[in-house]
Amino acid sequence: MALILPARTHPEVIVYAVGARNLDKAKKYAKKHRIEKAYGSYQELLDDKDVDVVYNPLPNALHHEWTMKALAAGKHVLNEKPSANTAEDTASMFDLAEQKGLVMMDAYHYRFHPAVLRVKEIIESKTIGKLKTVTAKLIVPKGITAEGDIRYDFALGGGALMDMGVYTVNCIQYMTSSRSVEVTDATTELYAPKNKPESYASNIDRTATATLTLSDGIKGNLEVDLARPLRYGLIPTLDMSFKAEGVLGSVEIDNYVMPTLYHNITVNIRGGPISTEKVYKNRFGEREEWRTTYMYQLESFVDKVRGREPKAWVSKEDSVATMKCVEKIYQKNGLGSRPKSAYIPV
Ligand SMILES: NC(=O)C1=CN([C@@H]2O[C@H](COP(=O)(O)OP(=O)(O)OC[C@H]3O[C@@H](n4cnc5c(N)ncnc54)[C@H](OP(=O)(O)O)[C@@H]3O)[C@@H](O)[C@H]2O)C=CC1
Ligand SMILES: O=C1OC[C@@H](O)[C@H](O)[C@H]1O
């Protein structure tokens, strides 16, 4: 979803090879997606001189090791979110990319969609006045994240904040242009598997909330839930909204994460009319409702690799700031950061 389909619509990208820990699995995948090469280990893929760019969609705890190895092998890297388990690991990946003159970016795909860029433009235009409060949510119903999922595994870098929370933190920081964040308050509910042994003590957050103080005294609120129980045992909750409130009014987008599926941007100026808009236009001004966040993201990534100016970008500073905030929230709610990567570059 994040790479194969976008690559088919991009004239400069070929998905040429896939690596898995098991050759048969890699071969099956390659056949299904018409990929030329299949490798039975990630290292073999990195050893292939014809690979220019690596997409790293491994569990969070493995992002650091394999992105570092890919960079060391001279490949550009599109790294899945969250960057890594810690801010320190995140910074070291970007440092190596810089040293080697390679492009590296974390795949915060929502940042490339015109609707999200439009919300940022509205905030910066001061239409809603000086910012007071921003709120980002990412709540999905129970049943979407299966038991045994990597998201429920501490050793693999799991947790609601690591998985979905990074979108909320990143979005709050982006929309407020505020990388420095203090965490005023943080709460969590722990993941409880159905058939847990008596000795089971969960250290994985199923939910997370936090209140933040951003630059200029702006307040931030975030709420994430990997498995919100059905209301009345029947009604699923899905909330992927972002709202900014200023002294003059507010702007809200009801789906900042996957705006291609649906979205409405609502601007409400106190004492004035309420306006709504949908924004799908790409940078050439063409209306392409089907164009996904991942397509926009790949387009920018390729532009950067080719030395062209990308329409949007997620920088090292953005990624490090997001992970610093995530670690501060985990410190505040008592769960602690996920372990720093044990990988030591050779
Ligand atoms: N941008 C987006 O919209 C999305 C981003 N993500 C991100 O992508 C990453 C992967 O998530 P997701 O695709 O859901 O994960 P999956 O569990 O579906 O896939 C992870 C893959 O990692 C490989 N792997 C290597 N070591 C391990 C291990 N010890 N345990 C389990 N898998 C291992 C496996 O590949 P193999 O066996 O073939 O080697 C596996 O298929 C995460 O960082 C997540 O945050 C996830 C979903 C959406
Ligand atoms: O990145 C992601 O986006 C969609 C979510 O459902 C998923 O858990 C997450 O990994």
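How do the residues of the shell around ligand 1 divide into nonpolar, polar and charged? In this predicted model, the shell comprises 9 nonpolar, 2 polar and 5 charged residues. Of the 16 residues around the ligand, those that come nearest are A20, R21, L58, E80 and I150.

The packing of helices was examined next. Two packed helices are described by the angle between their axes and the distance between the axes. For helix 5 (residues 87-100) and helix 9 (residues 316-333), the axes come within 8 Å and cross at roughly 165°. Helix 5 is therefore roughly antiparallel to helix 9, as angles over 145 degrees are counted in that class. The crossing of these two helices is right-handed. Helix 5 contributes A87, T90, A91 and F94 to the contact, while helix 9 contributes K316, S319, V320, M323, K324 and E327. By class, 5 nonpolar, 2 polar and 3 charged residues take part in this contact.

Helix 9 also packs with helix 7 (residues 160-176), their axes coming within 9 Å and crossing at roughly 120°. Helix 7 and helix 9 are therefore oblique to each other, and the crossing is right-handed. On the side of helix 7, the contact is formed by L161, M162, G165, V166, V169, N170, Q173 and Y174. On the side of helix 9, it is formed by D318, A321, T322, C325, V326, I329 and Y330. The residues of the contact between helix 7 and helix 9 divide into 10 nonpolar, 4 polar and 1 charged.

How values were computed:
Residues are numbered from 1 along each chain as its sequence is written. Chains are lettered from A and ligands numbered from 1 in the order in which they are written. This is a predicted model: local features need pLDDT of at least 70, side-chain atom pairs count only at pLDDT 80 or more; totals for chains, interfaces and linings use all residues. A residue is near a molecule or strand if its C-beta atom, placed from the backbone, lies within 6 Å of it. Ala, Val, Leu, Ile, Met, Phe, Trp, Tyr, Cys and Pro count as nonpolar, Asp, Glu, Lys and Arg as charged, and the others, Gly among them, as polar. Axes are lines fitted to C-alpha atoms, for helices over the stretch in contact, and angles run from 0 to 180 degrees between N-to-C directions. Helices (H or I, at least four residues) and strands (E, at least two) are DSSP runs, numbered from the N terminus. Angles under 35 degrees count as roughly parallel, over 145 as roughly antiparallel, 65 to 115 as roughly perpendicular and the rest as oblique. A crossing is left-handed if the near helix is turned anticlockwise from the far one by less than a right angle, and right-handed if clockwise. Two residues are in contact if their C-beta atoms, placed from the backbone, lie within 7 Å.
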